[in-house]
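Hi everyone, thanks for coming. Let me put the sequence and the structure up on the screen, and then we'll walk through a few parts of it together.

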Amino acid sequence: MSLALAPAPVLSTILDAIGHTPLVRLRLPGVPDRVELWGKCEWLNPGGSVKDRTALSIVEDGERSGALVKGRTIIDSSSGNTAVGLALVGGAKGHPVELVMPRSVGAERQRLCRAYGAKILFTDPLAGSDGAILEVRARVAADPGRYFYAEQYRNPANVLAHYRTTGPEIWEQTAGRVTHFVAGLGTSGTVVGVSRSLRERNPHVRVVAVEPDHALHGLEGLKHMASAIVPEIYDPCAHDEKLSVVTEDAYAVCDEVLRADGLLVGHSAGAALWAAREVARTLRSGVVVALLPDGGERYLAAAPEPRR
Ligand SMILES: Cc1ncc(COP(=O)(O)O)c(C=O)c1O
């Protein structure tokens with residue numbers, strides 16, 4: 001127990017608590033002893049997900065470039081986590097925030113965004129995240145002077161968030177021993193940014209992207225690229241391999257990692273862990289890092305009882 005040893009940070013703003021998330025060694029069953037599996041615990045960001053990094057990077061980039069001046073409203077489409085991140089960052093910096101999301105997004109997340117002071121606009125759930133993107137584009141086109149469009153799907157600041165923070169953190173936390181990085185594809189910001197950062201340090205690091213096996217899936221935050229609007233920031237060269245995960249398999253791994261390691265993770269983290277274990281099984285040795293975007297608390301209301 002190292003409770004007394006770790007110095008607690010003293011911060012001038014909650015935004016300084018974004019990033020620097022723990023990397024935790026996992027004992028998920030089925031991972032060969034010769035392979036180390038590690039999870040990057042992104043739900044420990046203050047807004048509860050990896051998307052705090054993206055939101056902070058995009059907002060500060062907008063402020064620097066002059067695109068986000070006081071009085072403009074930050075707008076974006078989001079499956080929920082970027083929404084919370086933007087609501088948190090916008091709130092802390094005094095920018096109004098409007099979020100467009102499919103009505104199917106979990107009630108907890110809608111409440112969270114409203115609690116941070118953001119306004120929510122709903123789109124047809126059957127149109128998925130693409131429907132929300134099209135709605136934001138229409139609103140911004142109708143009144144461009146009113147908005148700062150965060151555009152997480154095409155904003156290079158999304159990729160840069162991970163290039164500048166997530167990737168270097170993983171490198172330092174593994175003391176440069178990381179051999180494989182595994183993460184889900186949503187906007188693709190995480191995979192592309194971390195990949196560029198790690199490959200710069202070691203071109204032999206293998207990057208594995210994970211996506212749902214078909215268009216109609218239950219993995220919030222992830223995209224099935226073949227049937228979706230492909231994000232402009234997506235770079236297919238950023239990953240060496242892409243694995244398709246079945247929704248139920250990802251859910252099952254969430255149960256397994258809770259029992260084995262005490263981590264309550266979200267479904268896209270389950271997808272990354274499922275893929276990380278598939279990769280681990282093929283290795284003689286290795287240090288595999290899976291990115292765990294958010295925690296399972298956000299999905300409890302919709303989740304079936306865990307199998308025990
Ligand atoms: C829960 C969850 N997992 C995974 C992702 C994918 O991350 P990225 O957009 O960086 O590809 C997202 C993105 O919104 C997410 O919300």
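**Starting from Lys40**

Let's begin with one residue and see what surrounds it. Setting aside its neighbours within four places in sequence, Lys40 is in contact with Thr21, Pro22, Leu23, Arg53, Thr166, Glu169, Ile170, Gln173, Ala290, Leu291 and Leu292. Before I go further, please keep in mind that this is a predicted model.

So, is Lys40 buried or exposed? Lys40 is buried, because its relative accessible area is 0%, and the cut-off for buried is under 20%. Which side chain does the side chain of Lys40 make a polar contact with? That partner is the side chain of Gln173, at 2.8 Å.

Now let's zoom out. Lys40 sits in strand S2, which covers residues 35-41. Strand S2 belongs to an open sheet of six strands, and the order across the sheet is S1-S2-S10-S7-S8-S9, with mixed pairing. At the edges you'll find strand S1 (23-26) and strand S9 (241-245), each of which pairs on one side only. On average, neighbouring strands in this sheet are turned by 25° against each other, direction ignored.

A quick reminder for anyone new to sheets: strands pair through backbone hydrogen bonds, either parallel or antiparallel. Here is one pairing to look at. Strand S7 (residues 180-184) and strand S10 (residues 286-292) run parallel and are joined by three bridges. Within S10, Ala290 is the bridge partner of Val182.

Helix H5 (residues 156-173) lies across S1, S2, S7 and S10, and runs at about 140° to S2. Helix H6 (residues 189-201) lies across S7, strand S8 (206-212) and S10, at about 165° to S7.

Let's finish with helix H3, residues 107-115. Which residues of H3 are buried? They are Arg109, Gln110 and Cys113. These three are on the same side of H3, because they cover an arc of only 105° around the axis. And what covers them? The cover includes helix H2 (81-93), strand S4 (97-102) and strand S5 (119-123). Turn to the face of H3 that points away from the buried side, and you'll see the exposed residues Arg111 and Ala115. Just after H3 comes Gly117, with a positive phi of about 100°.

Technical notes
Residues are numbered from 1 along each chain as its sequence is written. This is a predicted model: local features need pLDDT of at least 70, side-chain atom pairs count only at pLDDT 80 or more; totals for chains, interfaces and linings use all residues. Side-chain values use heavy atoms; hydrogens and water are left out. Helices (H or I, at least four residues) and strands (E, at least two) are DSSP runs, numbered from the N terminus. Buried means under 20% relative accessible area, exposed over 50%, partly exposed in between (1.4 Å probe, protein chains only). A polar contact is a pair of N or O atoms within 3.5 Å; within protein, one must be able to donate a hydrogen and the other to accept it, and residues adjacent in sequence count only if both atoms are side-chain atoms. Contact means heavy atoms within 4.5 Å. Two strands pair if DSSP finds at least two bridges between them. Axes are lines fitted to C-alpha atoms, for helices over the stretch in contact, and angles run from 0 to 180 degrees between N-to-C directions. The arc is that of the directions from the helix axis to the C-beta atoms.
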